[in-house]
Amino acid sequence: MAVVLQHKATLCSEECNYSDWNLARNEGDCNTVTMSEPTQADKEKKKTVPPSLSGRRALPPNVSNAEEDEVPVMEMTGLVPRGVNLKDFLEVKEVHMFKSDQDVNKQQHHTDKYYHPKLIVRRGQPFLIQIDFNRPYNPEKDQFWVEYLIGRYPQQNKGTYIPIPLVEELQSGTWGAKITWKEDSSIRLSIMSAPTCIVGKFRLYVAVLTPYGIRRTKRNPETDTYILFNPWCPEDSVFLDDEKEREEYVLNDLGVVFHGDINNIKSRSWNYGQFEEGILDACLHLMDRAKLDLSGRGNPVKISRIGSAVINAKDDEGVVAGSWDNIYAYGVAPSAWTGSVDILLEYHSSGMPVRYGQCWVFAGVFNTFLRCIGIPGRIVTNYSSAHDNDANLQLDVFVDEEGKVDSKLTKESIWNYHCWNEAWMTRPDLPVGFGGWQVVDSTPQENSDGMYRCGPASVQAIKHGHVCFQFDAPFVFAEVNSDVVYSKAMKDGTRVIEHIDKTHIGKLILTKEIGSDRTKDITEQYKFQEGTEEERLALETALMYGVKKQATQDTMEPAGTDVDMDFQVETATLGSDFKVTVTFRNNSRNRYTATVYLSGNIVFYTGVTKNEFKKHTFDVTLEPLASKISEVLIKSGEYMSQLLEQASLHFFVTARLNETKKILAKQKTSVLQIPKLHIKVPGEKVVGKEMSVIIEFTNPLNQKLVDVLVRLDGPGLLRTTTKMFREIPKNSTLTWEEKCFPRQAGVRKLIASLNCDALRHVYGELDLEVERRPLV
C-alpha cells in the first residue's frame with residue numbers, strides 16, 4: 001500500500017530544528033511533509049541565509065555524497081494528549097541488512113567480492129532486509145514505510161529522498177517493497193530499486209505513522225546501503241547481455257595494458273583492485289571532488305565525462321599528476337606503479353594529486369573507477385596514435401632539399417602507442433545506433449569545454465565519421481585516421497608534397513581478450529579497412545560534419561614511383577648492438593644513384609624527440625629492375641647514456657634520387673627488449689596459510705644500479721608492498737623474499753615492478769592457483 005503524506009507537520013519542542021529537512025523535501029513536491037508556522041529559531045536561521053540562496057534558487061547545490069542533514073526522529077502533527085505513551089504504537093527495534101559476503105544480497109547482486117562491511121547492491125534488482133518490531137505487525141492498523149536518503153537537502157523530485165511504498169507485487173522500473181515473510185514480531189521485505197536511481201551511498205530509515213505523527217529510526221551507519229550500476233539489469237543504461245563480458249569488464253579485478261610499438265607489442269598486468277578495502281568510498285569521493293550534482297549520478301554519460309576530467313590533475317587537482325619529462329622527483333615514476341589501489345587510497349586520504357602518471361596509469365585508474373561503480377570498462381591501446389592539435393587529419397613531416405628532416409618545421413608527433421578507456425552504456429542523447437562502447441580518455445591532451453577531458457565519444461560514430469555527435473569525436477577520429485604528409489621545404493619557401501602515408505596512423509587498436517591475457521584486435525570497430533569504399537565514405541562524412549582537412553595547395557604526390565624504399569630495425573636487447581637494414585627496389589629500366597640519410601633519435605613514447613644519437617649518410621647505386629640492401633650498425637654506446645625510460649628509439653630514413661631529385665622517406669620506432677623480473681612461489685598455496693614469494697633480478701647493464709625500488713602487488717594475496725635496494729652491482733642478482741597470507745582462492749596473479757634512474761619498465765608476473773581447504 002502506497003504511503004502518501006499529506007498532513008501538516010510541526011517540530012517537537014524537544015527535538016532539534018529540522019527546517020532544512022522539511023524545506024528540502026518540499027522543494028517541488030506538493031505531496032510531501034510541509035512546515036507549520038515557523039518558530040523563532042526558524043526566523044533567526046532565515047536571516048542568516050546567504051543572498052545566493054534567495055530568489056530564484058531555494059537550495060544550494062547538492063554535490064556531496066559524504067555530507068548529510070540530520071533527519072527528525074519524530075515529526076508531530078500536533079500536541080500529544082496527556083497520558084498517551086508513543087511506545088504503545090508500532091516501534092522498530094532493529095533492521096537486519098543481510099550484508100555479509102555469504103548472504104543472499106551480495107551473492108545475487110554480484111557484490112560479494114567487495115572488501116566492505118556495508119550492504120552493496122545493484123539498482124533495478126530486488127534485495128532483502130528484515131525489520132524487528134516491538135510487537136507483531138498488523139497491516140489493518142499499522143502503517144510504515146522505508147526511506148532512502150542521499151546527501152543533504154533530500155528532495156523526492158531529485159531522487160535524493162526516496163519513500164518506498166509497500167506493494168502487493170514488485171514492478172520492474174520503480175521502487176517498491178513487498179513483505180515476503182512474517183514471524184512473531186519480524187518481517188522481511190523484498191525491496192526493488194529503480195534502474196535509473198542515483199549511484200552512491202544511501203542512508204536508510206524506517207518510518208512508522210502514528211495518530212500523532214511520524215516516528216523514524218535513528219541514524220544508524222550500519223544500515224547504509226551502497227547502490228551501484230547494474231549491467232545484469234536489462235532496464236539499466238549500462239546493461240550488457242553477455243555473461244562472459246560482464247565477468248571480464250565488471251568483475252575482473254586484473255587487466256593487461258599493451259604498450260611497446262606495433263612491431264614489438266609488449267604487455268604488463270595491472271591490478272584494478274576495484275573490490276579492495278576503501279576503494280568504493282574512494283571512487284564515490286571522486287564524484288564529490290568533481291562537484292557532480294547528486295541528481296546526475298544515475299547517468300553514466302555524465303559520470304564518465306566528469307571521470308575523464310577528475311582522474312587527471314591538469315586543471316582541477318584531480319587524482320594523478322602527469323609527467324612526461326623523465327624527471328620524477330618527489331613522486332613515483334609512472335612505470336613503477338603496478339595498480340590503481342595505492343593511487344586512489346592516497347588521493348582519498350590526502351586530497352592531493354598523486355605523482356606521477358602517463359597514459360596507461362590514467363587509463364588503469366579510470367578503469368578501476370568505472371568497474372567499481374558498475375560501469376563496464378576496458379583499456380584500449382592505439383598504436384601509432386596521432387595527437388593532432390587542430391584535428392585536421394594531417395601530420396606534417398618536413399625534409400630539406402638534401403633529404404634531411406627539418407626539426408624546426410616538423411612540430412607534430414606520433415605516439416608509439418596511446419591508452420584510453422572504453423565504457424559501455426546507452427546514449428539516449430544520440431540517435432539510435434550509437435550506444436555501446438564509448439571512448440573516454442583521462443590523459444590530459446586537449447581542452448574540452450573548459451577542462452582537460454575527452455569523451456564519451458561513440459565508437460560506432462567514430463567508425464562511420466559521424467563526428468558531429470558529442471563528446472570530442474573529432475579528436476578521437478583524428479587519433480586513428482590522420483595522414484602523415486611528407487613535404488620537401490624548398491629554399492625559396494615553397495613546400496612540395498613528396499609522399500602521403502594514409503596507413504601509418506591507427507595501424508592497430510588492441511584490448512585484452514575476454515578470459516585470457518591475449519590481445520584482441522578491435523581496429524575494425526574504429527575504422528573500415530584502408531582503401532575500401534566504406535573507409536572513403538566515413539572520411540567524407542567526417543569532413544561534411546566539420547573535421548578540417550588541410551588543402552594541399554602545393555604539388556601533389558605523384559601516382560607512382562620508380563623506386564620503393566623500406567627499412568627494418570633488428571630486434572635487440574637493451575645494451576646490445578643491432579642493425580638497421582634498408583631495402584631499395586628499382587622498378588624501372590633506368591639506373592639510379594641515391595644519397596641516403598639515416599637519423600636515429602631518442603624519443604619519449606609520445607613521439608617527442610629528446611635528442612639525435614645517430615647520423616649516418618651513405619650512397620647507393622640502384623641497377624634497373626633490381627633490389628639493393630644496405631645495413632647500418634647501431635652500437636650500444638651510441639644510445640645507452642641518453643636512453644629514456646621506455647627504451648624507445650625512432651629512426652628516419654630519407655633518400656634523394658640524384659637523377660630526379662625525388663625524395664623517399666620512411667620512419668619507424670623500435671623499442672628495445674628490457675629484462676624481466678622473475679617471481680617464484682615455493683611450497684603450498686592455501687587461503688589463510690603463510691605463503692612465501694621470492695623475486696629475483698639480474699642486472700644486465702655494464703654499470704651498477706643505485707636506489708632500486710621494487711614493488712610487489714597481488715590482489716587477493718597481499719597488499720602492495722615495496723622495498724628499496726641501495727645498490728645492485730653489474731651482473732649481480734637481487735633476491736627478495738616476502739611472506740603473505742592469501743585471502744582468496746582460485747587463480748590469482750602476482751605482479752612486480754623494478755624502477756631506478758638507469759632502468760625502468762622492468763616487470764614480472766606469475767599466475768598461481770590458491771586452494772581453499774575445509775576446516776577440520
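These legends describe close-up views of a predicted model. Local features need pLDDT of at least 70, side-chain atom pairs count only at pLDDT 80 or more, and totals for chains, interfaces and linings use all residues. Residues are numbered from 1 along each chain as its sequence is written, and side-chain values use heavy atoms, with hydrogens and water left out.

**View 1. The largest nonpolar core.** This core holds 63 residues, and V319, W360, F369 and I373 touch the most other members. Helix α8 (residues 359–373) gives the most to this core, eleven residues. A nonpolar core is a set of buried Ala, Val, Leu, Ile, Met, Phe, Trp, Tyr and Cys residues joined through side-chain atoms within 4.5 Å; buried means under 20% relative accessible area (1.4 Å probe, protein chains only). Helices are DSSP runs of H or I, at least four residues, and strands are runs of E, at least two, numbered from the N terminus.

**View 2. Helices α6 and α8.** The axes of α6 (residues 300–310) and α8 are 10 Å apart, at an angle of about 155°. The two helices are therefore roughly antiparallel (an angle over 145 degrees). Residues I303, S304, G307 and S308 of α6 meet F366, F369 and I373 of α8, where contact means heavy atoms within 4.5 Å.

**View 3. S692 in strand β37.** S692 lies in β37 (residues 691–698) and counts as buried because its relative accessibility is 10%. Its side chain makes a polar contact of 2.5 Å with that of E737; such a contact is a pair of N or O atoms within 3.5 Å, one able to donate a hydrogen and the other to accept it within protein, and residues adjacent in sequence count only if both atoms are side-chain atoms.

Notes:
Buried < 20%, exposed > 50% of the residue type's maximum accessible area, 1.4 Å probe, protein only. Axes fitted to C-alpha atoms, helices over the stretch in contact; angles between N-to-C directions. Parallel < 35°, antiparallel > 145°, perpendicular 65-115°, else oblique.
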